[in-house]
Number of protein chains: 2
Amino acid sequence: MKEMMSYEEFLSRVKDGIVTEAGNCPVTPGLSLFQGKWTDQILYVLCTCDSIRFGELKRNLPGITNTMLTATLKDLELKGIVHREQFNEIPPHVEYSFTEKGRDLYPIFYAMMNWGYKYEKDFYGEK
Amino acid sequence: MKEMMSYEEFLSRVKDGIVTEAGNCPVTPGLSLFQGKWTDQILYVLCTCDSIRFGELKRNLPGITNTMLTATLKDLELKGIVHREQFNEIPPHVEYSFTEKGRDLYPIFYAMMNWGYKYEKDFYGEK
DNA sequence: ATTTGCGGTAAGTTTTTTGATACTATGTAC
DNA sequence: GTACATAGTATCAAAAAACTTACCGCAAAT
């Protein structure tokens, strides 16, 4: 298990442009996850439960269509963020949950939450 | 200055669905920032310097057009993330930098970096 | 006299993303 | 025999995002 770079080290090193040993940008993979109209909302709903069925997920995302939910989940599954488990009963159903890789996104959501608390008024407006 | 929720508290409370006192989702504002093809890349470049000129920003974003760079910067300025300062010399130039609200995004990038270090192989592939 | 660098804007086109609608299979309950 | 619930798929249309191209004014350098 490798030592994590401290936040202080991050702050001082980001000015020089941080790259991994392999020469990659370590921020890009995380950023690329949050593209798409529904992806982030789906990820956040998955945060709030251990596992969830297709239909329940849909009810939690007002306005989403089958097409988009299916496509986005398939994409997240491909990326290894989401685990899909199919139960071949009658009627059949499917459960979606985070993989370890998905659960490792929690610190990102936590950081976003703190930012959101500080600036929610800018976003939602004053009461 | 309000106490920040600890990460442990976040983990336990997220299962119930976290809302602010005003009844808002505190994660949505942060998430909404990372939409758009170029936004996140621009934000990350801004992390790496105190301030940067339009042209230099453009050279740091291979493939971006004037149209998109202008539009995205204007959007970020409107959201209060980016500060624009115009120098009316000849030739005139403009400098862009983070506002405090923008600098407060650093913890999000830090969290993304840690995730990226762990999973970069999945994203970039093995050497 | 033309080009260069600066930071853009305007209009129109292409590409990508998203949405609407109808449809699939299965067994159970009515 | 018809409707229901499940988790989707296929096809096409619409909307949104991104891109292309041409252009602006100004002064200095070539």
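1. Ala, Val, Leu, Ile, Met, Phe, Trp, Tyr, Cys and Pro count here as nonpolar, Asp, Glu, Lys and Arg as charged, and the others, Gly among them, as polar. On that scheme, the surface near DNA strand C has seven nonpolar, nine polar and two charged residues.

2. Some ground rules. This is a predicted model: local features need pLDDT of at least 70, side-chain atom pairs count only at pLDDT 80 or more, and totals for chains, interfaces and linings use all residues. Residues are numbered from 1 along each chain as its sequence is written, while chains are lettered from A and ligands numbered from 1 in the order in which they are written.

3. At least two residues each come from α5 of chain A and from α4 (54–59), α5 and β3 (93–98) of chain B. Helices (H or I, at least four residues) and strands (E, at least two) are DSSP runs, numbered from the N terminus.

4. DNA strand D is also surrounded by 18 residues. A:G55, A:T70, A:P91, A:H93 and B:K37 are the closest. Two or more residues each are given by α4 (54–59), α5 (66–78) and β3 (93–98) of chain A, and by α5 (66–78) of chain B. By class, this surface has seven nonpolar, nine polar and two charged residues.

5. Now the protein interface. 46 residues of chain B are in contact with 46 residues of chain A (C-beta atoms, placed from the backbone, within 7 Å). α7(B) gives the largest share, 18 residues. The chain B side divides into 29 nonpolar, nine polar and eight charged residues.

6. What angle do the axes of α7 (residues 106–124) of chain A and α7 (residues 106–124) of chain B make? They cross at roughly 175° and come within 8 Å. Therefore α7(A) is roughly antiparallel to α7(B) (over 145 degrees). Axes are lines fitted to C-alpha atoms over the stretch in contact, with angles from 0 to 180 degrees between N-to-C directions. The contact includes A:P107, A:I108 and A:W115 of α7(A), with B:P107, B:I108 and B:W115 of α7(B). By class it has ten nonpolar, two polar and no charged residues.

7. Finally, symmetry. Chain B can be laid on chain A with an RMSD of 0.1 Å by a turn of 180° and a shift of 0.0 Å along the axis. That is the relation of a two-fold axis. Superposition is by least squares on the C-alpha atoms of residues with pLDDT of at least 70 in both copies. The same surface serves both copies, as 100% of the contact residues of chain B recur in chain A.

Conventions
Near = placed C-beta within 6 Å. Parallel < 35°, antiparallel > 145°, perpendicular 65-115°, else oblique. Contact = placed C-beta atoms within 7 Å.
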